[in-house]
Each structure stands twice: as structure tokens, then as C-alpha cells.
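The following note sets out comments on the model shown below. Please read the points with the sequence and structure at hand.

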Amino acid sequence: MIQVDGVTKTFRSGRGTVRALRDATFSVDAVQFAAVIGKSGSGKSTLLNCLGGLEPPDSGTVRCFGTSLYSLNHHERSRFQRRHIGFIFQRGNLLSYLTVAENIGFPLSLNNITGNDQTRRIDELLDRTGLLAAARALPHELSGGETQRVAVARAIAHHPKILLADEPTANLDTATGRQVVRLMQDMGQTDQCTIIMVTHDLEVVEAAAPIIYLRDGRIHDYNNGGARV
Ligand SMILES: Nc1ncnc2c1ncn2[C@@H]1O[C@H](COP(=O)(O)OP(=O)(O)OP(=O)(O)O)[C@@H](O)[C@H]1O
Ligand SMILES: [Mg+2]
């Protein structure tokens with residue numbers, strides 16, 4: 001289970017003080033598919049980054065499967081991220097100088113999964129994502145949809161407990177975007193992965209529980225499978 005309790009994050013920049021998250025509290029159970037929604041600037045990416053150990057909050061706690069992320073030191077947190085968290089960004093997920101297969105293998109290498117074990121897992125993921133023929137291609141040779149399918153494969157290659165996806169379909173047409181989401185859901189289910197995804201696609205949102213609706217950094221609404229709290 002992922003538990004977020006009283007998370008606040010303020011940025012101070014040339015634009016002044018921005019309270020990106022204000023006292024955010026919610027939880028997502030294991031293997032749930034959660035959607036994070038809200039207008040531009042409402043704090044969605046900040047929330048995801050806090051959940052992924054990338055952005056220490058000013059106050060509050062983030063617990064992932066019993067581990068309080070920001071009680072860990074830097075080294076321990078990196079290790080937790082490497083083992084248990086998969087991230088898909090809106091764009092720029094792939095390393096441009098590595099092939100599709102090498103990109104998928106990257107998190108495996110970080111987790112000391114090498115040799116035949118790595119090759120087997122890469123082949124399995126290429127097959128499941130329909131990318132066998134593209135194994136040796138470089139990222140710039142892929143379409144947007146193919147790129148995001150590789151991003152999904154790479155994000156879940158090491159069987160993370162948590163998959164965080166920040167508008168992974170924003171640059172895709174609706175049909176291709178849905179394909180990518182279905183792939184995430186299928187793979188999440190096979191691997192018993194908890195998925196938290198920022199999206200604007202209403203059909204995807206309707207299939208999600210809980211739905212976390214942010215407004216000006218606050219949780220404006222939290223809908224967990226019909227039961228509003
Ligand atoms: N590193 C930063 N430095 C200063 N301000 C920041 C930083 N990151 C985010 N912000 C500000 O915090 C607020 C929330 O940003 P965030 O990126 O979380 O929004 P978002 O909901 O993901 O928006 P979008 O839908 O446009 O991606 C915004 O006002 C943004 O300008
Ligand atoms: Mg964002």
C-alpha cells in the first residue's frame with residue numbers, strides 16, 4: 001500500500017512562492033490502478049515525483065509498502081527506487097544511444113540481472129509489447145506509440161512494486177494512447193504492480209480507482225471506486 005500523509009511542497013523561484021502541494025493525504029492499495037487528474041499547474045507531476053522519491057516534500061510522509069521513503073538516506077532511497085519503482089515520463093524516457101533491447105535491459109543491469117536472465121526477460125518483454133522486430137532499433141527510429149511501449153517495458157522490466165506514469169500518452173493519438181494504457185494495465189496485472197498515472201483521458205480515468213483530483217495543490221476530490229470520501 002502507498003500512504004501519503006500531509007504532504008506539502010513549496011517551490012521558491014523567480015516567479016515567487018508556489019505551493020505546489022498542500023497537505024495531500026490519500027492511500028492507494030496494492031495492485032490498484034490510480035489516476036491523478038487536475039488542471040495544468042495543479043501539482044500532479046510534483047505529487048508523482050514525491051511518490052517516486054525524486055522530490056522530498058517540505059513536510060508529511062510518503063510510505064511505500066511500509067517504507068517511509070524520506071526517512072531513508074540518499075543511498076538507501078536510490079536502492080529502493082532502483083528495485084521497487086518504475087517511472088514513465090511524458091517524453092524523453094529512452095536513452096538515445098542505446099537500442100530498444102538495451103534500453104529495456106538497463107534497469108535489469110542496475111539490479112544485477114545480467115547474462116541469460118537479462119536476455120530472457122528482454123525477449124519476453126519485446127514479445128509482449130509487440131516490439132521483437134524493433135529490438136535493435138535506436139529510439140529516433142521509433143514512432144511515438146512504439147517509443148512509449150518501450151518505455152512501459154523498461155519501466156516494469158525489473159518487476160517494480162510501483163509504476164508511476166506522468167501523462168505517458170499525452171503525445172499520442174487516442175487509439176495509440178489506449179493501447180499503451182492497456183499494455184500498462186496488462187503488465188501491471190501480470191506483475192502485481194500498483195499503478196499511479198497522471199492522465200487527461202476520461203475513459204482511462206473512469207476505469208481507475210482511486211481517482212485523485214488535485215486543485216491548486218490540494219486534494220479536491222478522492223474517489224475510490226464509487227465511495228466518495
Ligand atoms: N522545480 C520547480 N521550481 C519552481 N516551481 C515549480 C517547480 N516544479 C513545479 N513548480 C510549480 O509548481 C506548480 C505545480 O507544478 P506541477 O508540475 O506539479 O503541475 P502539473 O499539475 O504537473 O501541471 P501540468 O499538467 O502542466 O504538467 C506549478 O505552479 C509549477 O510552476
Ligand atoms: Mg505535469
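Which residue just after H3 takes a positive phi? Asparagine 112 does, at about 60 degrees.

1. Basis. This is a predicted model, in which local features need pLDDT of at least 70 and side-chain atom pairs count only at pLDDT 80 or more, while totals for chains, interfaces and linings use all residues. Residues are numbered from 1 along each chain as its sequence is written, and chains are lettered from A and ligands numbered from 1 in the order in which they are written.

2. Overall form. The protein chain contains seven helices and 11 strands (DSSP runs numbered from the N terminus: H or I of at least four residues for helices, E of at least two for strands). Its radius of gyration is 17 Å, which agrees with the value near 17 Å for a compact globule of 229 residues (taken over C-alpha atoms; the rule is 2.2 Å times the number of residues to the power 0.38). The C-alpha trace spans about 45 × 40 × 40 Å along its principal axes.

3. Burial and core. Of the 229 residues, 38% count as buried (20 or more other C-beta atoms within 10 Å of the residue's own, with C-beta atoms placed from the backbone). The largest nonpolar core has 56 residues, and Val36 and Val152 have the most contacts inside it (such a core is a set of buried Ala, Val, Leu, Ile, Met, Phe, Trp, Tyr and Cys residues joined through C-beta atoms within 7 Å). H5 gives the most to this core, with six residues.

4. Helix H3. In H3 (residues 100–110), the buried residues include Val100, Ile104 and Leu108. The buried residues of H3 pack against H4 (115–128) and H5 (144–156). Val100, Asn103, Ile104, Phe106 and Pro107 in H3 meet Val150, Ala153 and Arg154 in H5 (contact: C-beta atoms, placed from the backbone, within 7 Å). The two helices pack at about 30 degrees with axes 7 Å apart (axes are lines fitted to C-alpha atoms over the stretch in contact, with angles from 0 to 180 degrees between N-to-C directions). H3 and H5 are therefore roughly parallel (an angle under 35 degrees).

5. Helices H5 and H6. The axes of H5 and H6 (residues 174–190) come within 10 Å and cross at roughly 15 degrees, which makes H5 roughly parallel to H6. Valine 152 of H5 is among the residues that meet H6; Val180, Leu183, Met184 and Met187 are among those that valine 152 touches.

Technical notes: A residue is buried if 20 or more other C-beta atoms lie within 10 Å of its own, exposed if 12 or fewer, and partly exposed in between; C-beta atoms are placed from the backbone. Two residues are in contact if their C-beta atoms, placed from the backbone, lie within 7 Å. Angles under 35 degrees count as roughly parallel, over 145 as roughly antiparallel, 65 to 115 as roughly perpendicular and the rest as oblique. Lists of a residue's contacts leave out its neighbours within four places in sequence.
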